[in-house]
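Here are my notes from a first look around.

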Amino acid sequence: MREVTHRSKNLLAIVMSLAAQTSRTARTVDDFLDRFNGRVQSMSRSQDLITEANWRGAQLSELIATQVESFAARGRQQVGLDGRDYYLKPNAALYVGLALHELAVNSVQTGALATPNGRVSVAVMALPGFNDQTDPTAPALSLTWSETGEGPIEEPDREEFGHVLLSRLVPLAVGGASELSGGPDGLRYALTLQRREIE
């Protein structure tokens, strides 16, 4: 019960933070509700996976399926996992799920998922710190979201909360670093996670 109480308080703190941050950049009440509800539903989907696994965490492929594929007109044909399918601990599953949701929403509005021929690849690569069991804070895993098939795209507005979430909050929560950029081939987002976030 102590563990459930602790996790519940953490989730409520995250929800309150999402509400406060989303309200800062929302243009209207409807805009706030749309964005906030989407982010809370994203957390709920990740939480369902974590609960089904008895609080162990979630498989990366399952996170991609629940957070991204519903936005893709052609499902798995448009969204793919390149690399080994790692198991993320609950904290990482929650925040990586939020990042995937944010990237998918952006993609379906202005990126690869806005067109039937667009494609999203989530590339996974183990870093040297992955095998270092003595240092749980070592950078151990790299996740890279890449979009192709939609043409040039600009980096999302730095003032938007989605940009803040991807570039600051998610990396901070998983003890890693991130890089978000647009370019001639589309949007690219790279995130590293610490060893302690991976089972």
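I looked up Trp55 and found its place in the loop between H2 and S1; helices (H or I, at least four residues) and strands (E, at least two) are DSSP runs, numbered from the N terminus. This is a predicted model, in which local features need pLDDT of at least 70, side-chain atom pairs count only at pLDDT 80 or more, and totals for chains, interfaces and linings use all residues. Residues are numbered from 1 along each chain as its sequence is written, and side-chain values use heavy atoms, with hydrogens and water left out.

Trp55 is not a glycine, yet its phi is positive, about 70 degrees. I noted Asn54 in this loop too, between helix H2 (29-52) and strand S1 (58-59), with a positive phi of about 55 degrees.

Next I checked accessibility (buried is under 20% relative accessible area, exposed over 50%, partly exposed in between, with a 1.4 Å probe and protein chains only). Asn54 counts as exposed because its relative accessibility is 64%, and Trp55 counts as partly exposed because its value is 33%.

Then I turned to the inside.

Which residues does Leu193 touch, leaving aside neighbours within four places in sequence? I found contacts (heavy atoms within 4.5 Å) with several, including Leu88, Val96 and Val174.
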